[in-house]
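Please look over the sequence and the model first, then read on by topic.

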Amino acid sequence: MRSDLISGPRPLRPQQQPRAHDPGSGAGAATAIAPLLRLFFGGPPPVRFEFWDGTALGPPEGDTVQVRSPDAVRRLLWAPGELGLARAFVMGEIVFDGDIFELLATLHSASPDRLHIGSSLPWQAMQAARRLGVIGRPLSPPPEEAAPRGRLHSRGRDAQAVQHHYDVSNDFYATVLGPAMTYSCARFAPGVETLEAAQESKHDLVCRKLGLAEGSGQRVLDVGCGWGSFALHAAQHYGASVVGVTLSPAQARWGRDRVAAAGLEDQIDIRLQDYRDLHDGTFDGIASVGMFEHVGSTKSAEYFATMRRLLGPEGRLLNHAISSVGGSRIGQRTFIGRYVFPDGELIDVGQVVLSMEEAGFEVRDLESLREHYAKTLRAWVANLQRHWDTAVAEVGVRRARVWQLYMAASANGFEDGGISIHQVLGVVPGPEGRSGMPATRSAWG
């Protein structure tokens with residue numbers, strides 16, 4: 001059964017057609033809201049808007065934003081821009097009808113960077129909005145919004161932020177991520193087509209960059225180990241001894257169950273532990289995949305210093321993280337900050353390299369997987385849409401909408417280059433500068 005958020009384009013109802021090109025004729029929601037949309041977009045809306053009373057604005061056909069309740073407009077008046085839109089979307093007051101990727105891309109390109117609605121709002125529009133009942137006190141936000149407490153990036157607050165995102169439901173994540181159960185960018189190498197195979201390809205790339213193919217029995221730390229997928233791959237294919245740490249109790253339980261089912265309890269230790277509390281010896285390699293986004297720029301020096309402390313001479317660190325040019329703190333007035341990654345931050349890859357060098361690493365390789373992440377996210381969205389009823393039964397329709405919106409918008413961000421993802425490989429120089437690194441990249445392909 002299809003999602004109630006995404007459907008194919010519907011034929012227009014006959015009573016809608018006369019109003020499609022003339023929003024100013026007659027009374028109704030479209031008449032009242034036309035000045036608001038013109039103010040927001042700086043002109044006519046770029047896509048069709050259909051309102052709860054049957055009136056419409058914008059192009060007569062194509063992808064459509066269905067505004068099903070006056071409450072959606074109230075949310076936008078109190079929180080103009082993406083946060084208000086996201087709240088209405090999560091509550092089902094706004095529904096996207098058509099290709100969610102194309103629709104979001106169109107709205108994003110047509111929306112201003114900053115929007116202030118207040119004294120600049122036309123008086124006539126305010127009066128019409130009052131008559132329609134769309135003006136009033138601010139509505140309560142959806143209960144899925146995060147509100148972590150405590151000092152930013154303290155151990156307690158970091159645990160709250162991680163658990164908000166990951167302790168949703170292991171079964172929900174299995175529905176979205178598929179059998180690989182890997183929540184990071186896949187790698188679609190030549191000849192690799194399925195999402196599961198692409199995730200295995202990524203795990204193998206990380207193993208080879210860490211030098212695990214050079215000998216079994218190496219001790220590896222998996223920081224932010226998720227549901228244990230990389231740890232299992234490293235142990236099964238390269239004979240590694242792996243310690244995995246996560247702040248998510250749900251992930252730790254699932255990961256331990258997978259390790260036990262594989263009979264690898266002697267090789268893999270999944271812990272519910274903060275990376276700052278690791279004090280048990282030296283590792284040959286560290287994989288940090290999809291975890292650094294939670295660290296924050298104010299803690300990056302401490303983070304890399306800790307990674308450096310945990311590695312012996314010629315030990316390697318592979319830092320795999322989303323980045324943005326100039327860096328970008330995920331603010332509390334954004335959809336991602338409120339619903340998906342509270343306290344998250346995307347750090348410029350140049351700053352990552354510098355921070356690693358300042359911590360004592362020699363940076364040996366940098367690789368972008370931007371297009372691969374876009375393809376990964378599209379596969380996750382397809383999984384969610386294909387199994388919509390199962391996902392809703394597991395986590396509820398509002399949270400399913402959160403994940404659909406976040407993954408579709410993120411796919412667009414990777415496709416247009418607004419965000420990227422990089423693997424940065426560093427090594428701790430040994431005596432007399434020895435790195436133990438291969439002469440060329442051919443060792444990992």
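Which residues are buried in α6? They are Arg157, Asp158, Ala159, Ala161, Val162, His164, His165 and Tyr166, where buried means under 20% relative accessible area, exposed over 50% and partly exposed in between, with a 1.4 Å probe and protein chains only.

This is a predicted model, in which local features need pLDDT of at least 70 and side-chain atom pairs count only at pLDDT 80 or more, while totals for chains, interfaces and linings use all residues. Residues are numbered from 1 along each chain as its sequence is written, and side-chain values use heavy atoms, with hydrogens and water left out.

**Overall make-up**

- The protein chain has 16 helices and 13 strands; these are DSSP runs numbered from the N terminus, helices being H or I with at least four residues and strands E with at least two.
- Of the 445 residues in the protein chain, 55% count as buried.
- The chain exposes about 18800 Å², and carbon and sulfur atoms supply 51% of that area, as given by the Shrake-Rupley method with a 1.4 Å probe, where for residues only the protein chains shown count as cover.
- Among contacts (heavy atoms within 4.5 Å) in the protein chain with a separation of 6 or more, 72% come from residues 24 or more positions apart.

**Helix α6**

- Helix α6 covers residues 155-166, twelve residues in total.
- From first C-alpha to last, α6 reaches 16 Å, close to the 16 Å expected at 1.5 Å a residue; the expected span is 1.5 Å times one less than the number of residues.
- Its buried residues pack against α7 (170-177), α10 (249-261), α12 (335-340) and α16 (397-416).

**Nonpolar cores**

- A nonpolar core is a set of buried Ala, Val, Leu, Ile, Met, Phe, Trp, Tyr and Cys residues joined through side-chain atoms within 4.5 Å.
- The largest core has 74 residues, of which Phe49, Phe96 and Trp403 touch the most other members.
- Helix α16 gives the most to this core, with nine residues.
- A second, separate core of 27 residues includes Val220, Ala234, Val242 and Leu264.

**Phenylalanine 49 and threonine 55**

- Leaving aside neighbours within four places in sequence, phenylalanine 49 is in contact with Leu37, Phe41, Thr55, Ala56, Leu57, Val65, Val67 and Leu107.
- Threonine 55 lies in the loop between β1 (48-51) and β2 (56-57), and is buried with a relative accessible area of 3%.
- The side chain of threonine 55 reaches the backbone nitrogen of alanine 30 at 3.1 Å.

**Valine 220**

- Valine 220 lies in strand β5 (residues 219-223) and counts as buried because its relative accessibility is 0%.
- Not counting residues up to four places away in sequence, valine 220 touches several residues, including Leu210, Phe230, Val242 and Phe283.
- Valine 220 and alanine 287 are 67 residues apart in sequence and 7.5 Å apart in space, C-alpha to C-alpha.

**Cysteines**

- A search of the whole structure finds zero disulfides, a disulfide being a pair of cysteine sulfur atoms within 2.5 Å.
- Cysteine 207 is buried at 0% relative accessible area, and cysteine 225 is buried at 5%.

**Positive phi angles**

- Most residues other than glycine have a negative phi.
- Methionine 181, not a glycine, has a positive phi of about 50°; methionine 181 sits in the loop between α7 and α8 (195-209) and is buried at 3% relative accessible area.
- Glutamate 314, also not a glycine, has a positive phi of about 70°; glutamate 314 is in strand β9 (residues 311-323) and is partly exposed at 31%.

Notes: A polar contact is a pair of N or O atoms within 3.5 Å; within protein, one must be able to donate a hydrogen and the other to accept it, and residues adjacent in sequence count only if both atoms are side-chain atoms.
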